[in-house]
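Q: I have a model open and would like to talk through how it is put together. Could we go over it piece by piece?

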Amino acid sequence: MRINEKSLAKFASSGAPADKEGYLLKKGELNKGYQKRYFVLKGNLLFYYEKRYDKEPVGVIVLEGCTIELSENIDGFAFQVVFPKTGCRTYHMAADSQEEMEAWMKVMSCASYDYMKLMVAELRQQLDELKENSQQQLLENAMRDSHLVLSSYSSMEDSDERTSMKSNQRHVRFNPFNDPSSQNKSESRHLFDTLDDEHTHVAKGPPKSFLQLHEEYGQQVKTLGELWRGSFTERPASAFELSHSLC
């Protein structure tokens, strides 16, 4: 169709980016021969110019309610824009190569508003499915993490309980001689308890320094040495004397 509206011509010459542009052969409405025209596709509007750098297009094709089909002419790389419902004329075009023809047919097939609406609906459905899958995945991850945390907490409780039992066992003292049926074991038990009491009593005092321990044990060693040397010249010392001298 011919364009007479200035607003449409202004949009054609505006700086809006083109989806595709290039030369095609177009069959005229009155002149049935093919003429070379420069085509610019912006959205669903296909503008065509006589020359590339013309300021205003000579016509525009609104790509709504149409189909892009191969032409019946098999001599070249021809295709056509058909409006089956509106009764508009069919536009016959041809490209220079198979690749160029396929590129134009694909981009023109995707230019209509109905196609864009269908694509938006499909993308919205994919987005909803992705959100649903993401929420399900997040729920599964949360359940798995909660199970891991509970398992770790249970393991820590069991470990603490075992450690506490072992600690309590280490602090319990069992007397192996604690047998009331044996008199000897009873006496031994009394002896060990007495030693434990004495050891406890001694341990309660202030700790001795190294010098004090050295003098104390050195004196005992000196006394034992003198007793041992005197045993060769005098009578043997009795056990009472030895214990008395050590004290």
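Q: How many bridges join strand β6 to strand β7, and which way do the two strands run?
A: Bearing in mind that this is a predicted model, five bridges join β6, which covers residues 77–82, to β7, which covers residues 91–95, and the two strands run antiparallel. Within that pairing, F77 stands opposite A95 in β7.

Q: And what order do the strands take in the sheet?
A: The sheet is open and has seven strands in the order β4-β3-β2-β1-β7-β6-β5, with antiparallel pairing. Because β4 (59–62) and β5 (67–70) each have a single partner strand, they stand at the edges, and one side of each is left without a neighbour in the sheet. On average, and with direction ignored, neighbouring strands of this sheet are turned by 35° against each other.

Q: Which strands does helix α2 touch?
A: Helix α2, residues 98–109, packs on the sheet and touches β1 (20–27), β2 (34–42), β3 (45–49), β5, β6 and β7, while its direction makes about 15° with that of β6.

Q: Switching to charges, how many salt bridges are there?
A: The count comes to two salt bridges. In one of them, the side chains of K20 and E100 meet at 3.6 Å, N to O. Since K20 lies in strand β1 and E100 in helix α2, this pair ties together parts that are 80 residues apart in sequence.

Q: Is E100 buried, exposed or partly exposed, and what is its relative accessibility?
A: E100 counts as partly exposed, because its relative accessibility is 27%.

Q: Where do R89 and E29 of the other pair sit?
A: R89 is in the loop between β6 and β7 and E29 is in the loop between β1 and β2, so that the pair links distant parts of the chain, 60 residues apart. The side chains of R89 and E29 meet in a salt bridge at 3.6 Å, N to O. R89 counts as partly exposed at 24% relative accessibility, whereas E29 is exposed, with a relative accessible area of 51%.

Q: Now the inside: which residues have the most contacts in the largest nonpolar core?
A: That core has 20 residues, and those with the most contacts inside it are L46, F79, M93 and M108. The elements giving it two or more residues are β2, β3, β6, β7 and α2, and the largest share, four residues, comes from α2.

Q: What is M93 in contact with, leaving aside its neighbours in sequence?
A: Beyond neighbours within four places in sequence, the contacts of M93 include L24, L25, Y34, F39, L46, I61, F79 and M108, and A78 is also among them. There is also a second, separate core of eight residues, which includes A12, V40, L45 and F47.

Q: You mentioned A78; is it buried or exposed?
A: A78, whose place is in strand β6, counts as buried because its relative accessibility is 4%. Apart from neighbours within four places in sequence, A78 is in contact with Y34, L70, S71, N73, M93, A94 and M101. The C-alpha atoms of A78 and A95 are separated by 6.4 Å, although these residues are 17 apart along the chain.

Q: And S71, where is it found?
A: S71 is found in the loop between β5 and β6, and at 14% relative accessibility S71 counts as buried. Not counting residues up to four places away in sequence, S71 touches A78, F79, Q80 and H92.

How values were computed. Residues numbered from 1 in each chain as written. Predicted model: local features only at pLDDT ≥ 70, side-chain atom pairs only at ≥ 80, totals over all residues. Heavy atoms only, no water. Pairing = 2+ DSSP bridges. Axes fitted to C-alpha atoms, helices over the stretch in contact; angles between N-to-C directions. Contact = heavy atoms within 4.5 Å. Salt bridge = Lys/Arg side-chain N within 4 Å of Asp/Glu carboxyl O. Buried < 20%, exposed > 50% of the residue type's maximum accessible area, 1.4 Å probe, protein only. Core = buried A, V, L, I, M, F, W, Y, C linked by side-chain atoms within 4.5 Å.
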